[in-house]
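Here is a short tour to read alongside the model.

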Amino acid sequence: KQWYQRRVRGQMCRKKADGYFRKQKSNFVRLKMDIKDIDVTGIPDVDAYKKICFACKHLCGGATDMALVSAVQSAQLRETSVLIALCCHHLCSWELYTGKDYLVKLFKPEQFYTLSSLSAWATCFKLDTMEVDNVEVLNNVVQKFRENPESFIQGEHLVLDRNLQWYIGRCAKTVLNDGRAQFMLNHGFRVQFYRYVDVNVSPENTALLCFKSAAAT
């Protein structure tokens, strides 16, 4: 079955994948450009294909949002699917973030950077030293914070239990991901999150899957 692949890369890379795909005799072209400038509908020969799949990794921060916008543009003309391994939410920007309509129902726009910064707490600890899978431990810490937040204050500083910091970071990531999912839902995509590896293997373990058929409106 014929298929066609274009890889978009904005930074230097070793291009090891290029040789692999050429050995597979696949139609393969690498586009080196800033992802914000890509318009899938303008890629030569793309009209010959009825389906397009966005398979993405290391699209840090706003790069993920730019890919989602590109997928929405593609879906206007053909069946489009998306698979993005989500990461680096602390690099998100309000200007590029696709989930604004969802987020303003929960937070003020000026709180966005606080939210994105808090998401870093989900990845800044060694998970093997924490009881991240122990729901009871996490619930106890969260309940303690709700009942007596002053107990977490020492002088002028807020001192949080590391489990609570990790939990807050995961919640921040979830909120940012949900906004992106709502953006895709609003454009007629079916959306699902998938955790593809255990959190103790990698804290960046969530993928966003989206699909829209050519006939969907």
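Residues are numbered from 1 along each chain as its sequence is written, and side-chain values use heavy atoms, with hydrogens and water left out.

**Overall make-up**

- The protein has six helices and eight strands; helices (H or I, at least four residues) and strands (E, at least two) are DSSP runs, numbered from the N terminus.
- Read from the N terminus, the order of elements is β-α-β-β-α-β-α-α-α-β-β-α-β-β.
- Of the 217 residues, 39% are buried, where buried means under 20% relative accessible area, exposed over 50%, and partly exposed in between (1.4 Å probe, protein chains only).
- Taking contacts (heavy atoms within 4.5 Å) between residues at least 6 apart in sequence, 64% join residues at least 24 apart.

**The sheet**

- Four strands make an open sheet with mixed pairing, in the order E3-E4-E8-E7; two strands pair if DSSP finds at least two bridges between them.
- E3 and strand E7 (190-195) are the edge strands, each with a single partner strand, so one side of each has no neighbour in the sheet.
- On average, neighbouring strands of this sheet are turned by 10° against each other, direction ignored; axes are lines fitted to C-alpha atoms, for helices over the stretch in contact, and angles run from 0 to 180 degrees between N-to-C directions.
- E4 and E8 are antiparallel and share six bridges; Ser-81 has Phe-211 as its bridge partner in E8, and Thr-80 stands opposite Lys-212 in E8.
- E7 and E8 also run antiparallel, joined by six bridges, and Tyr-194 has Ala-207 as its bridge partner in E8.
- How much of E8 is covered? Five of its seven residues are buried, which leaves E8 mostly covered.

- H6 lies across E4, E7 and E8 and runs at about 155° to E7.

**Nonpolar cores**

- A nonpolar core is a set of buried Ala, Val, Leu, Ile, Met, Phe, Trp, Tyr and Cys residues joined through side-chain atoms within 4.5 Å.
- The largest one has 25 residues, and those with the most contacts inside it are Ile-35, Phe-54, Leu-68, Val-82, Ile-84 and Met-184.
- Strand E3 (51-56), helix H2 (62-75), strand E4 (79-85), helix H6 (162-186) and strand E8 (206-212) each give two or more residues to this core, and H2 supplies the largest share, seven residues.
- Not counting residues up to four places away in sequence, Met-184 touches Leu-68, Ala-71, Val-72, Val-82, Phe-189, Val-191 and Cys-210.
- A second, separate core has nine residues, including Trp-94, Tyr-97, Phe-112 and Leu-115.

**Confidence**

- The mean pLDDT (the predictor's confidence in each residue, from 0 to 100) is 81, and 79% of residues reach 70 or more.
- Over residues 1-7 the pLDDT is below 50, and this stretch has 25 contacts in the model beyond near neighbours in sequence.
- Where pLDDT is low, predicted coordinates should not be read in detail.

Technical notes:
Predicted model: local features only at pLDDT ≥ 70, side-chain atom pairs only at ≥ 80, totals over all residues.
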